[in-house]
Amino acid sequence: QVRLVESGGGLVQPGGSLRLSCVAIRRAITVATMGWYRQSPGKQRDLVASINVVGGTYYADFVKGRFTISRDNAKSTVYLQMDSLKPEDTAVYYCKNFATNDWGQGTQVTISS
């Protein structure tokens, strides 16, 4: 069974930083565009950032300049570096493999003082 496993979430104060990781189990991500989504209670799941196989990136307007997506194909891992965090960034963050449509289980990010 293919799995995506996210980690790195937690509780931080506004202005703080977190780095999320997404590891692909049993399937390499070498040829896949990967993305991070987030979902808050009662809201739709929104695309936050994505990265293609050659490193090209996309960012949603609400995270541009604050978040950075990267990948290490040798480790089948995608990262999301989140800086200057705001309370409105609070959500469950999910990793997605665009080639297989696999999703991770999500990791909770809470920004609060």
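**Note on an all-strand predicted model**

1. Residues 24 or more positions apart account for 53% of the contacts in the protein with a separation of 6 or more. The model is a predicted one, and every value below is computed from it.

2. As for secondary structure, the protein has 11 strands and 0 helices. Its radius of gyration is 13 Å, close to the 13 Å given by the globule rule for 113 residues, so the protein is as compact as a globular protein of that length. Taken along the principal axes, the box filled by the C-alpha atoms is roughly 40 × 25 × 25 Å.

3. On burial and surface: of the 113 residues, 42% are buried. The protein exposes about 5800 Å², and carbon and sulfur atoms supply 47% of that area.

4. T68 has Q81 of β8 as its bridge partner, while D72 stands opposite T77 in β8. The hairpin formed by β7 and β8 has 4 residues between the strands, and S76 takes a positive phi near 50° there.

5. Which residues of β7 lie on its covered face, and which on its uncovered one? F67, I69 and R71 make up the covered face, whereas T68, S70 and D72 make up the uncovered one. In a regular strand the side chains alternate between the two faces of the sheet. Both residues picked out above for their partners in β8, T68 and D72, belong to the uncovered face of β7.

6. The search for salt bridges over the whole structure finds 3. One of them joins the side chains of D89 and R38, at 2.9 Å from N to O. D89 lies in the loop between β8 and β9 (91-97) and R38 in strand β4 (residues 34-39), so this pair ties together parts that are 51 residues apart in sequence.

7. D89 also meets R66 in a salt bridge, with an N to O distance of 2.7 Å.

8. For D89 the relative accessible area is 1%. R66 has 11% relative accessibility and therefore counts as buried, the cut-off being under 20%.

9. The remaining pair to mention is K64 with D61, whose closest N and O atoms are 3.2 Å apart in a salt bridge. D61 has 64% relative accessibility, so D61 counts as exposed, the cut-off for that class being over 50%. The contrast is with D89, which is buried.

Technical notes
Residues numbered from 1 in each chain as written. Predicted model: local features only at pLDDT ≥ 70, side-chain atom pairs only at ≥ 80, totals over all residues. Heavy atoms only, no water. Buried < 20%, exposed > 50% of the residue type's maximum accessible area, 1.4 Å probe, protein only. Helix = DSSP H or I, 4+ residues; strand = E, 2+ residues; numbered from the N terminus. Pairing = 2+ DSSP bridges. Rg over C-alpha atoms; globule rule 2.2 N^0.38 Å. Contact = heavy atoms within 4.5 Å. Areas by Shrake-Rupley, 256 points an atom, 1.4 Å probe, with all protein chains shown as cover. Salt bridge = Lys/Arg side-chain N within 4 Å of Asp/Glu carboxyl O.
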